[in-house]
Amino acid sequence: MSRSEPAYVENGGFPGLSTCDAPPMTDALSFIHDLSWDDLSGEVRTRSLLCLLDLVGVAVGGAITPLSGIIRAHAARHFGGPVPIPFEGNTASAPGVALALGMTIDALDGHDGYNPGKGHVGCGLFPATFAVAAETGALDGRAFLTTLTMGYEIGSRLGVALHASVSDYHTSGAWIAVAAAASGARIMALDPARTREALGIAEYHGPRSQMMRCIDHPTMLKDGSGWGAMAGVSAAYLAADGFTGAPAITLEDAADHYTDLGSNWLILEQYFKPYPVCRWAQAPIEAAMTLKRTHGFAASNIARIEIETFHNATRLAVSRPRTTEEAQYSTSFPVAIALARGDVGAADVAEKALTDPEILRLSDATEMREHDHANASFPASRPARTIIHLANGQSFTSDWHEPRWDHRAPATETELRKKFRRLTRPVIGVPRADALEAAVNGIETDGLAPLLALMAQPINSRTKRGSAA
């Protein structure tokens, strides 16, 4: 928004102007609607496709959690509409599908994220884009990937802008609602004035939920991404119908965050997760496994574990999780899994896997401490180091570690494809998993329809019982 505009007045809007008449913030609005496939480099196109593949894989893994089953049934029951709910065998409206798919991805904490924004873009953006494209019939593959890329660029900056404007640490849904509205506005080809309304509606109604509350008390609330996706999609449809909204201050009062749109591609700065647990727990996992590989001790010989990290991560403090949410929002439990089994997979944080006595012993033997070095690095990085004490009196201290697959040392395409297969094949079988991967691979030429059709197929009860997550 130009600073020569009339100042916004609380409860009064822009004096003398309806919100639809107010001049738009041209840089962001132009980028939302004008970004084209030809503007994207080969590297950005490939990353967009891999982000999509990773999110679909995590969605399949998350679909067999109790959280996903509840929210998909809720969407079918309370959000009537024509769009197939992924993996459910029922339909809902676009906002309902965005809610269900967003929370399904969030149900398995293995999706991508953006360090400076302290959260995740794709988890809410993809469901919103998917739902609106499906409901409106906008199934062109290149257009879909371009919209997804636009959303990553806007969404990454929105998270930073929000956290710069308030002291509270908000979940991703708080700001991803605005990116979801931008995606919906682009797909529906809203004019600049109505797009501006959509963004304002979404920011106003986005879930300003406190992240640390869910860290301290892990439940199915998770990161708010599904609720943000639902709010953003609803905002776009409301704006299309003439509903008005207050200006989105994370765009309009934070113009400096958007000056490099189209030149600095933040989709390339997203991280991916090798393990389906909170990002904050992943550096301690790497540190612990490095010590075990280096010194060759057995997990049964460990007497005590110390983890030094930043303050927020020390609050991932559940040592004996009772639910998959508590297991994913713990540090000691996944570190214990890694030391006992050499890896942390979706099956390890499923509810039926939470009673292994050796893992619980190691988790109980873990002490968390905050460290000034790690505190100074957050949120740009998430460092941790681990000290392991053996029963024979030996102690080993790791170097400072970062989570794997950061943008500075990104996952390879081969690694991400292996992750996709590890998540999907145990759940839906090799043929369907491979078909799903092929549908993502072919989206540029074949469009969204094959992916829609495969994701519409339910995961049956036999598959759920026999799955690995």
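The entries below go through helices, helix pairs and loop residues in turn.

**Ground rules**

I am working from a predicted model, where local features need pLDDT of at least 70, side-chain atom pairs count only at pLDDT 80 or more, and totals for chains, interfaces and linings use all residues. I count residues from 1 along each chain as its sequence is written, and side-chain values use heavy atoms, with hydrogens and water left out. I take helices (H or I, at least four residues) and strands (E, at least two) as DSSP runs, numbered from the N terminus.

**Helix H3**

I looked up H3 and found 13 residues, 66-78. Its first and last C-alpha are 18 Å apart, close to the 18 Å expected at 1.5 Å a residue; the expected span is 1.5 Å times one less than the number of residues. I then checked burial, where buried means under 20% relative accessible area, exposed over 50% and partly exposed in between, with a 1.4 Å probe and protein chains only. The buried residues of H3 are Leu 67, Ser 68, Ile 71, Arg 72 and Ala 75. Down the axis of H3 they fall within an arc of 115°, so they line one face of the helix. The arc is taken from the directions from the helix axis to the C-beta atoms. I noted the general rule that an α-helix has 3.6 residues a turn, so residues three or four places apart point the same way. Ile 70, Arg 77 and His 78 are exposed on the other side of H3.

**Helix H12**

I found 14 residues in H12, 282-295, with 20 Å from first C-alpha to last, close to the 20 Å expected at 1.5 Å a residue. Among its buried residues are Gln 282, Pro 284, Glu 286, Met 289 and Leu 291. The buried residues of H12 pack against strand S3 (302-309), helix H15 (332-341), strand S5 (384-390) and strand S6 (395-397).

**Helix pairs**

I described each pair by the angle between the axes and the distance between them. Axes are lines fitted to C-alpha atoms, for helices over the stretch in contact, and angles run from 0 to 180 degrees between N-to-C directions. Angles under 35 degrees count as roughly parallel, over 145 as roughly antiparallel, 65 to 115 as roughly perpendicular and the rest as oblique.

I looked at H4 (residues 94-107) and H10 (residues 225-240) and found that their axes come within 7 Å and cross at roughly 160°. That makes H4 roughly antiparallel to H10. The crossing of H4 and H10 is right-handed; a crossing is left-handed if the near helix is turned anticlockwise from the far one by less than a right angle, and right-handed if clockwise. Residues of H4 that meet H10 include Ala 98, Gly 102 and Met 103, and those on the H10 side include Trp 227, Met 230 and Tyr 237. Contact means heavy atoms within 4.5 Å.

I next took H6 (residues 141-165) and H7, which pack at an angle of about 150° with their axes 8 Å apart. That makes H6 roughly antiparallel to H7. This crossing, too, I noted as right-handed.

H2 (residues 42-62) and H6 pack at about 90°, with axes 10 Å apart. That makes H2 roughly perpendicular to H6. The contact includes Leu 49, Leu 52 and Leu 55 of H2 and Phe 144, Leu 148 and Tyr 152 of H6.

**Loop residues**

I found Pro 82 in the loop between H3 and strand S1 (83-84). Pro 82 is exposed, at a relative accessible area of 57%. Pro 82 and Glu 135 are 53 residues apart in sequence but 7.1 Å apart in space, C-alpha to C-alpha. Leaving aside neighbours within four places in sequence, Pro 82 is in contact with Thr 91, Ala 92 and Glu 135.

Is Phe 87 buried or exposed? Phe 87 is buried, with a relative accessible area of 2%. Its phi is near 70°, a positive value in a residue other than glycine.

I found Ala 189 in the loop between H7 (173-187) and H8 (192-205). Its phi is near 55°, also positive, and Ala 189 is exposed at 60% relative accessible area.

A cis peptide bond joins Phe 378 and Pro 379, with omega about 10°.
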